[in-house]
Protein chains: 2
Amino acid sequence: MSDTPERPAPQEPTLDEQIAAYQREYRDLDPQVEKVVSALGRLNRRMNVAYGRQLADLGISNAEWEVLKTLVLSGAPYRLGPGELAKRLGLTPAAMTHRIDRMAGEGLVTRDRDENNRVRVIVELTDEGRTKWLEAMRMATDFEEELLQDLAPEERVALGDALIRLLRRVELTQPDAGGRLTDLD
Amino acid sequence: MSDTPERPAPQEPTLDEQIAAYQREYRDLDPQVEKVVSALGRLNRRMNVAYGRQLADLGISNAEWEVLKTLVLSGAPYRLGPGELAKRLGLTPAAMTHRIDRMAGEGLVTRDRDENNRVRVIVELTDEGRTKWLEAMRMATDFEEELLQDLAPEERVALGDALIRLLRRVELTQPDAGGRLTDLD
DNA sequence: GGATCGAACTTTAGGATTGAAGTCTTGAGG
DNA sequence: CCTCAAGACTTCAATCCTAAAGTTCGATCC
């Protein structure tokens, strides 16, 4: 015995299958709500995987891209301290130290002491870092445009509005409190 | 001198501010698209933080909750092998081994060799594990209901449909290929 | 002006995850 | 039977992150 027909690939069940399974185990579940929440979770996971792959092709990690984005968003001259970066990225300063080490080693940023206040450190984007950001940005926007291609302009607006209302609600309910990233999915 | 007014808290900029900053640095950016994508990312991050906090109050981690969910969704008798669990959770078998160790130590699951095929291992939900899952499930559904309270029923459906179309698109574009979770945000 | 408190990083120890190597059983041949 | 290959976990080394000490510099208070 022991055939174990070897299912083609267990994989994740369909969203509808998953919701049906939940309803079997937990009677008072609102399928509409669950659908939205599960779709959000899955979509995000898939998107992160997709970004990760494409960024890897450019030679940078998702984590590095976050840092590049944050520096660029801070505006010229693209400088921030490790502590500020950590706060904006939702990381501990310790983690920031290490990331900056690596990125400085790769030439994406420079790390120097602030001459006016030698306790502070200034992380600055290099030209190479800015170039990498630009490449990644092009890649990302292409991907995002492709992702939304099935939605008409007014659907996009409606979707954005709905998401922002959810965001506002969660910010209201969960007073942030620092905003450490805990886990995934 | 040296007032450093101590900004109330640097924090993340507003979504609109962030998009404006992007447009300054990258001319051909579609604000509508960016709004949707950024809102998705932020919403997910906030939600994970929120889940993490509430699960911590129950004494389990986000990671443990994922395992409990997967076992329950598999249906009675709530048994799966480590490899199968790893596949469904998008983890490596090595990581699964460790998680199961911990959860077995906490009494949430049992881990036994399969008597019919002694290479295999069977992870089974304990009553305590099932109870924890139920508590977490109640907590999660309450939170989710609260999250969506501002959306009328038909808006919820529309949102769910839009998300599913995006999900379908990303699954089509990104053939999964195993589905390892790469990074966060 | 020196001691002290506080701010901004860095270092250290520990947990989690990945990829690769290792172990143990099952099943197919010879 | 014995050997050998494949499958299912587990163990090992390396990476990244968090939390909790350090370190170092600056500012305030006698």
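In the predicted model, chain A is superposed on chain B by a rotation of 180° with 0.0 Å of shift along its axis, at an RMSD of 0.1 Å (least squares on the C-alpha atoms of residues with pLDDT of at least 70 in both copies). That is the relation of a two-fold axis, and the same surface serves both copies, in that 98% of the contact residues of chain A recur in chain B (contact means heavy atoms within 4.5 Å).

The interface brings 87 residues of chain A into contact with 86 residues of chain B. Between them the two chains bury about 8400 Å², 62% of it on carbon and sulfur atoms, where buried area is the accessible area (1.4 Å probe) lost on putting two parts together, summed over both. On the chain A side, A:Glu25, A:Tyr26 and A:Arg46 lose the most area to chain B, together 8% of what that side buries. Eight salt bridges are found across the interface (a side-chain nitrogen of Lys or Arg within 4 Å of a carboxyl oxygen of Asp or Glu); B:Glu25 and A:Arg130 meet through their side chains in a salt bridge of 2.9 Å, N to O.

B:Glu25 also belongs to the contact in which A:Lys69, A:Val72 and A:Leu73 of H3(A) meet B:Gln18, B:Ala21, B:Tyr22 and B:Glu25 of H1(B).

Residues are numbered from 1 along each chain as its sequence is written, with chains lettered from A and ligands numbered from 1 in the order written. Local features need pLDDT of at least 70 and side-chain atom pairs pLDDT 80 or more, whereas totals for chains, interfaces and linings use all residues, and side-chain values use heavy atoms, leaving out hydrogens and water.

Technical notes:
Helix = DSSP H or I, 4+ residues; strand = E, 2+ residues; numbered from the N terminus.
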